[in-house]
Structure formats: structure tokens, C-alpha cells
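User: Could you zoom in on one spot in this model and take me through what surrounds it? Please spell out the cut-offs as you go.

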Amino acid sequence: MLRRAKRVVVATVAAVLLSAGGGTAWALNRYVVDHVEISDVRAYEAAQSGTTVESSTGDATIKINKVTTGSGADTVTYYVADVTLTDATQLRSAFAENSFGENIIENTSAIAEDNDALFAINGDYYGFRDTGIVIRNGVVYRDEGARAGLAFYRDGTVKVYDETATTAEQLVADGVWNTLSFGPAVLQDGEIVAGIENVEVDTNFGNHSIQGDQPRTAIGVIDSNHLVFVVVDGRSSGYSKGVTLTGLAQIMKDLGATTAYNLDGGGSSTMYYDGALVNNPLGKGKERGTSDILYIGG
């Protein structure tokens, strides 16, 4: 959620550390310098022929609505994409710069265009941290369980799961196609999850969940192969103030979702459709880079 802001903060911290004579190299290396582990993800996935790179190209149904509630300083504007897949593997993931690693970023729309996407949203910003289970398009990229993740199965089911109680290999064997590692889950069994306003995504510097009214991105599950993607704009008085995690859960509940999971938000919150940005990030109409997207091909 804070990525670019974090870079600014980190740069400031780094300058302070420089003046103090220590820590600068570590901070720059950890939060700013790109660490490319796989430089051609498409080729890498193609090479995993024994595991899974095939996906359906059948038609998906995508309906996008803009919703505005409240007035004045309490105005909230959000976008809902109601998506019905004919095959769960139509929902794919792509990485910034077609590379896997830390601190690699690109705008959601640019990643979408590079992958001929019809529809896309920002992902979980896996590249800011080195923990979590990262399975994308059926291929394992990281196996460092740390939090509650979201797993998309090839049969169309989607489940919240405990990353620390399994492995990436087992998940793939069980039919998992994609995972997300951010959170928290804001809706389970049709009910708003207690305590979500106090959850921290992890303990990395500057990477705590942001409480209060914020721009948000989330995925909701209505039924097998029936998903809703919500992007809430925020931090723009009179256009959209954003919502709390509880407010986000209520939006998902009102849409009929039984499970919903929070993704990277803030200035990262973006929705793309048919060659154009759908939402208005921070009320400025300007994207900022992220490390990954979820998308449906054209």
C-alpha cells in the first residue's frame, strides 16, 4: 500500500543514516535497489511444462460499475468488476518488467498491456517483501509462509488459508493456480472478520496495514468462478475519501460475496479495462508502480 511513499520515506531515512554514518547501504539495498531473481518470467513459466502453464482462453463475462455514495467530504467512489469465468485459469498473474524479484515495479496498465490483458487490477505487491507463498499461473516462485493467504484453485474455488501450515509444493499438488499473500481476509463465511482494523500485513519497515479511510483493492468470492473485484479510490476530498477495512468488508458483503481478501492499496489501487485506466487513483488520475497484477486476457 505504501510502496512509493515508502521509497520516499526510505530515501529520507537513508539520507539521515548517511549523515549518521551507518545503515544507508542496507536501506537502499533492501527497499530501493531491484533484485531480479528471474529475468524472463514468460520463458520461465514455459519451461515448467511438467507443471502447468496452460490456461483457458474461453470468454469471461466482465461487468464494471462505478458506485458513488455520500456527499461532500464523505463522498466515496468505488468500482466493481463482476467477473464470471468459464475456466478458473482464465485469471492469470503477471509481474512488472516480466521479471520476478524484489523492488521491481511498473504501472498496472503497462503490465496489462505487455500481457494483452482485457481486464486487470493491482496484485499483492509481493516484491516489497521476501516472505509469503507466491504461486502464479501454476508455477512456484516463493515458499516462505508467513500469513493468511488467498488460494485460487483450478476447479474455481477460492480459499483463505494459513501459509505456515502448508507448502507451495503441496498447494500446487492440490490444484492451486494462483496465490496472493497480503490480507487480511475481511469477509469469511459471509461475515465481517473481527479485529481486521488491527491487523498488520508484516513487520517490514513501513509496511504495516493502513488503518482508517484509505484507497483499497480487494477480491470477493460469490461462487465458483464468480468473483468481484473492488477498487475504492481515496485521499481525495469531494471525490472519494476511501474506506476502512470494515467498510471494505461491508461493500463486499453487500455485493453478495462470502469471502473477501484485501490487497495492496493506497496509490497502488488500480483497475484497468480494455486499454484504459478505470478508476482515478488518489483523485489524480495517475498510476504508481506495483510489482504484479491479476488479469484476464483479451
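Analyst: Let's start with Phe100, which counts as buried because its relative accessibility is 1%. Here, buried means under 20% relative accessible area and exposed over 50%, with partly exposed in between, using a 1.4 Å probe and protein chains only. Keep in mind that this is a predicted model, where local features need pLDDT of at least 70 and side-chain atom pairs count only at pLDDT 80 or more, while totals for chains, interfaces and linings use all residues. Residues are numbered from 1 along each chain as its sequence is written, and side-chain values use heavy atoms, with hydrogens and water left out.

What does Phe100 sit against? The structure holds eight aromatic pairs. One of them joins Phe95 and Phe100: the ring centres are 5.4 Å apart and the planes are at 55°, so this pair is tilted. To count as a pair, rings of Phe, Tyr and Trp (its six-membered ring) need centres within 6.5 Å; planes under 30 degrees apart are stacked, over 60 edge-to-face, and the rest tilted. Both Phe95 and Phe100 are buried.

Phe100 has another ring partner in Tyr126, and this pair is stacked, with 4.9 Å from centre to centre and 5° between the planes. Phe100 belongs to strand 5 (residues 100-102), whereas Tyr126 is in the loop between strand 6 (117-122) and strand 7 (132-136), so the pair ties together parts that are 26 residues apart in sequence. Strands (E, at least two residues) and helices (H or I, at least four) are DSSP runs, numbered from the N terminus. Tyr126 counts as buried too, because its relative accessibility is 1%.

Strand 4 and strand 19 (residues 292-297) run antiparallel and are joined by five bridges; for two strands to pair, DSSP has to find at least two. They belong to an open, antiparallel sheet of five strands, in the order 4-19-6-17-18. Strand 4 (91-95) and strand 18 (276-277) are the edge strands, each pairing on one side only.

There's also an open sheet of seven strands, again with antiparallel pairing, ordered 2-3-15-14-16-12-13. At its edges stand strand 2 (61-69) and strand 13 (191-192), each with a single partner strand, so one side of each has no neighbour in the sheet. Strand 2 pairs with strand 3 (residues 76-84) over nine bridges, in the antiparallel sense. Within that pairing, Ile62 has Val83 in strand 3 as its bridge partner.

Among contacts (heavy atoms within 4.5 Å) between residues at least 6 apart in sequence, 73% join residues at least 24 apart.
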